[in-house]
Amino acid sequence: QSQELSQVQIDYHAALQALVEDGTRMVCTGRMHTDRICRFESLCYSTEAEEFVYFHSNSSVMLPNLGSRRFQPALLDLSSVEDHNTQYFNFVELPAAALKFMPKPVFVPDVALIANRFNPDNLMHVFHDDLLPIYYTMQQFSDLDLEARLFFMEGWSEGVHFDLYKLLSNKQPLLREQLKTLGRLLCFTKSYVGLSKITTWYQYGFVQPQGPKANILVSGNEIRQFTKFMMQKLNVSLEESSSEEYIVVFSRTINRLILNEAELILALAQEFQMKTITVSLEEHSFSDIVRLISNASMLVSMHGAQLVMSLFLPRGATVVELFPYAINPEHYTPYKTLATLPGMDLQYIAWQNTDREDTVTYPDRPWDQGGIAHLDKAEQERIIKSTEVPRHLCCRNPEGAPPPPPCRNPEWLFRAYQDTKVNIPSLIHVIRQTVKSKPGPKKQKWSASLYPGKVRDAKCQASVQGTSEAKLAVSWQIPWNLKYLKVREVKYEVWIQEQGENTYMPYILSHQNHTFSENIKPFTIYLVWIRCIFNKNLLGPFADVLLCST
Ligand code: UDP
């Protein structure tokens, strides 16, 4: 991977003339700063001012043209974390004529993706906030191919996982600091700014306590397409006929330790009659960890960023997350949410240490490793006595500006960095409630969940008997896609609503016709809504409403 910008020879004078004459052009997608990605031609960056620059000329374009709303609060989020006020993107404006008085621009010939990484030293953040969003932003725009170049503007150094970012394109990603070495005024020939949030599943608690995102839009299928790409780049092949089944214990070696790890490994091996191995980020290469996890039947680990590696588990595997004392598993669910995404097909189990005897605390460590010695005595005592960390916001300081992680809540950090002696019988009991026989990939045929189309040719026929009784015979044809599918169970849901009423009578039916007589009145107009349901929970769309008069 070469670091110098220009393999492509560009005609410098032509490029400069085009910039002066045409200025910057921007067209964006998205209605709000939180869902916006912008495509630019001739976006520039002043490495002295550390500002992006938009040059106005007769040919420049700015869509959306927001006027000063561009600053309320920003044009777009530069990271995939929603509306974080340290991650905003904007540019300053200049007339193209000002170029005469500026440093000579250096042109970036590669198609650029310009974004912020959120927390590049934490593996969970690396995957959730950066790698998956970058991968799918690149999938969204066809000129962001493997020849595109990533520009990380958050200002961090490479970080411990930089090799993973390098897998996403054939060109060396560039950091904000490195731009200075390229020139005083950089102009990106073609660039995209911002990241897609479509794959993120978790919010970190800046506005409300952390939890799954309200509207998750990603399924296991897209996650696996991404992991397949990463595994190809890492040269890890998926072993189809894995010979032996095994359990992986992902251990931490610096903090939040499992104190009786050897005992735990023996117990798991014995209980499930499987080889049990340990891995850690400190002792194994990333490729080795991926290779081992991608064939494992079960992954057992303390709560922590390393659990994001369950991305690489095979379908049908089990994730067991261990929580230290006083940390309620229901309040910290990034890995539960991941494992239970639709179509991820992982089993998720949480275990919590509920015994004070089995926890080791570190009140005298620095605050960011859970120390509480800096707090006043009463607060220290309250924290030590407490049996559960109350739900809390992340990282919000008094000025309301969320600084980057870790979350600055001393009680949470104190509890999160405890070591734990795992109570083996209690853990095995919890696992056994979910995993009845052997854990791990069953020889199961996975089928995608396909939804029915609309029912077709719906008709109704009314018959009136006397002045108080009537019947409504309704019939319809199967959805068009059903004849190409093998579906275990096909049912129809019919709603009968009297015109002008808010309520309706719902029915679940197995056949394509039914005569309704209950509560059907003569000389009345009914609205009939019909939809098809596959396998109990795959609800299709309603067909156009049917108007039936008795
Ligand atoms: N980490 C690790 N071993 C340790 C402690 C941390 O591998 O003993 C890794 C962890 O997986 C994460 C990073 O170091 O990628 C930062 O850990 P931290 O405890 O700050 O974050 P958390 O795991 O709680 O998200």
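Start by selecting the ligand: it sits in the largest pocket. Keep in mind that this is a predicted model.

**Stop 1: the shell.** Now colour the shell by class.

Stop 2: Pick Arg252. One of its polar side-chain atoms lies 2.7 Å from an oxygen atom of the ligand. Move to Ile254. Here a polar backbone atom is 2.7 Å from a ligand oxygen. Then go to Leu123, where a polar backbone atom is 3.0 Å from an oxygen atom of the ligand. How much of the ligand does the protein bury? Taken alone, the ligand exposes 510 Å², and the protein buries 80% of that.

Stop 3: Hide the ligand and look at the space itself. The largest pocket holds about 1,000 Å³. Its lining has 39 residues. Select Asn122, Arg252, Arg256, Ala305 and Tyr417, the lining residues closest to the pocket centre.

**Stop 4: the lining.** Colour the whole lining by class. It divides into 22 nonpolar, 12 polar and 5 charged residues.

**Stop 5: the helices.** Which helices each supply at least two residues of the lining? Select α2 (123–140), α8 (334–339) and α10 (410–416). Leu123, from the polar contacts, has its backbone atom 3.0 Å from a ligand oxygen, and α2 spans 123–140.

Key:
Residues are numbered from 1 along each chain as its sequence is written. This is a predicted model: local features need pLDDT of at least 70, side-chain atom pairs count only at pLDDT 80 or more; totals for chains, interfaces and linings use all residues. Side-chain values use heavy atoms; hydrogens and water are left out. A polar contact is a pair of N or O atoms within 3.5 Å; within protein, one must be able to donate a hydrogen and the other to accept it, and residues adjacent in sequence count only if both atoms are side-chain atoms. Accessible areas come from the Shrake-Rupley method with a 1.4 Å probe; for residues, only the protein chains shown count as cover. On a 1 Å grid over the protein atoms alone, a cavity is a set of points where a 1.4 Å probe fits but cannot get out, and a pocket is an open set with protein on both sides within 12 Å along at least five of seven lines; lining residues have an atom within 4 Å of a point. A molecule sits in a cavity or pocket if more than half of its atoms lie within 2 Å of its grid points. Grid points are joined across faces, edges and corners, and a volume is the space filled by probe spheres set on the points. Helices (H or I, at least four residues) and strands (E, at least two) are DSSP runs, numbered from the N terminus. Ala, Val, Leu, Ile, Met, Phe, Trp, Tyr, Cys and Pro count as nonpolar, Asp, Glu, Lys and Arg as charged, and the others, Gly among them, as polar.
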